[in-house]
Amino acid sequence: MHLPLDNSFATLPPAFYTRLMPTPLPAPYLVAVSDDAARLIGLSTEQASAALDIWVGNAVPANAQPLAAVYSGHQFGVWAGQLGDGRAILLGDIASAAGPMELQWKGAGPTPYSRMGDGRAVLRSSIREFLCSEAMAALGIPSSRALALAGSDQGVMRETVETAAVVVRMAPSFVRFGSFEHWYYRKQPAELKILADYVIARFYPALQAQENPYAALLGEVSRSTARLMAHWQCVGFMHGVMNTDNMSILGLTLDYGPFGFMESFDPEHICNHTDQNGRYSYANQPQIGHWNCYALAQALMPLIDDVPAAQLALDSYQPAFAAQMDLLLHAKLGLTQLEQHGAADRALFDAMFAMMQTYGVDFTLFFRNLSQLRRADSSGDRAVRDLFIDATGFDGWAQQYRARLQDEPASDAERQQAMNRVNPRYVLRNYLAQVAIEKAQNKDYSEIQRLLSVLRRPYDEQEENASYAALPPDWASHLEVSCSS
Ligand code: AMP
Ligand code: MG
């Protein structure tokens, strides 16, 4: 198949990457293709399904200039030095409806940045990345995409022997905060400037006209990161490894590992079993996002060269986060009329989260079922009230909420429709991914396809798929997800 590939990243000087080819895998098989992602770059499902050899890295398109990029980063708050694409290889970029998209193999063999790693990814974690990338995109949350997932029976050693897989992922750019930190800590300001100028020219061209384009870049990235954090908080997504090398310069969700979706609400929840101190707990995500922007600011200081300007850019994080939270939370509760109710609404939100925590109510179902509540009486309360172990725990807050609804112009039906457009019924719960993984490990890939089709319409009722909205079964309470991937 001909892929009209360019490679804009390869126009950077050689110091930024190493050119190399993927390492072939024996007897590959196609596990899944995302029709939506394929369509985005102009491929039909048939075309995408026929390109297994490319997706697994056994064939390289003639016009590709594969490369692995170098970067560094802070891991769990500690400077970790050079990391880089240890198991990712960029094929190049391709035109899409949303602008040029880079295509990257993840798990296609070792690179000079693999350190102690084998350059591979296991089927288990690749299924999780594949499904969640597409699920996040369908939720309307900025994210890298997943085009294809291929496997091979070649063994890969983790805690146990697993099998290899390759995800072909797509994003306008995979440049990370750590890509900048790399040149700062190496004291190579010339490369730092080349990278910043590249990112500005390609993704933020309007900033070139600003007095201090680098401070402006920091401001843009701070605010898009803040907005991303608000999206995560409002859908209950936990990334699990918010190291600076996993933070996208475009504010995309990147590098899916031990992520999770909040079920029984607990702000202190830690989805990454390896994160013992809870640095990346749900409640900490917004402030860690801000911390990461400080790390980026530090790296950009030689270019910004103006401490107050950098501070100003960083200070735009908090208001951007608060504003986005406010917008999303109002929408989640079906509330318009924001101006008249500002402070009272924030108290309503706080009380809601406190109540959700007290009763450990399921995050996704709470918001979804809340849309059935009626303004006039409690006749529509049942769906949400039944989620509470002690249903009277809901009633006090419901009274406040109902009182607030009196000031809303929309009818119950209109509000329900609007709420169902922003509160998903279906998210990638850990146990759903686990079921698909176990089947796939027995060569049955149907559940991946089924999940993909459920999660691409997360806001639709899909009565035929109601079981995918269900609370986790008892066995799922023992599921642990670690960094091992
Ligand atoms: P992560 O936190 O999973 O995004 O990975 C951190 C760093 O480790 C990145 O530089 C990855 O490329 C690298 N890495 C993770 N797993 C492997 C592996 N199996 N082989 C080579 N490099 C890896
Ligand atoms: Mg990473």
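In this predicted model, about 3,200 Å² of area is buried between domain 1 and domain 2, and carbon and sulfur atoms give 64% of that area. The size of an interface is often given as the accessible area lost when the parts come together. F16, H74 and F76 supply 20% of the area that domain 1 buries against domain 2, more than any other three residues.

The domain assignment places domain 1 at residues 8–174 and domain 2 at residues 178–327. Taken over C-alpha atoms, the centres of domain 1 and domain 2 are 22 Å apart. Domain 1 gives 37 residues to the contact, and domain 2 gives 39 residues.

The elements that give two or more residues to the side of domain 1 that touches domain 2 are the strands β4 (72–75), β5 (78–82), β7 (101–106) and β10 (161–171), together with the helix α4 (123–139). The largest share of that side, six residues, comes from α4. By class, the side of domain 1 that touches domain 2 consists of 19 nonpolar, 12 polar and six charged residues. Two salt bridges are found across the interface of domain 1 and domain 2.

Over the whole structure, the search finds 28 salt bridges. One of them joins the side chains of D153 and K443, at 2.6 Å from N to O. This pair links distant parts of the chain, 290 residues apart: D153 belongs to strand β9 (residues 145–157), whereas K443 sits in the loop between α16 (430–441) and α17 (446–455). Another salt bridge is formed by the side chains of R202 and D93, at 3.7 Å from N to O.

Ligand 1 has 17 residues around it, and G84, G86, R115, G119 and N246 come nearest.

| Residue | Protein atom | Atom of ligand 1 | Distance |
|---|---|---|---|
| G84 | backbone N or O | oxygen | 2.6 Å |
| R87 | side-chain N or O | nitrogen | 3.2 Å |
| R120 | polar backbone atom | nitrogen | 3.2 Å |

For R87, the contact with a nitrogen atom of ligand 1 involves the side chain, whereas for R120 a polar backbone atom is involved.

Terms used: Residues numbered from 1 in each chain as written. Chains lettered and ligands numbered in written order. Predicted model: local features only at pLDDT ≥ 70, side-chain atom pairs only at ≥ 80, totals over all residues. Heavy atoms only, no water. Domains from an automatic or database assignment. Contact = heavy atoms within 4.5 Å. Buried area = accessible area lost by both parts, 1.4 Å probe. Salt bridge = Lys/Arg side-chain N within 4 Å of Asp/Glu carboxyl O. Helix = DSSP H or I, 4+ residues; strand = E, 2+ residues; numbered from the N terminus. Nonpolar A, V, L, I, M, F, W, Y, C, P; charged D, E, K, R; others polar. Near = heavy atom within 4 Å. Polar contact = N/O pair within 3.5 Å; in protein donor to acceptor, adjacent residues only side chain to side chain.
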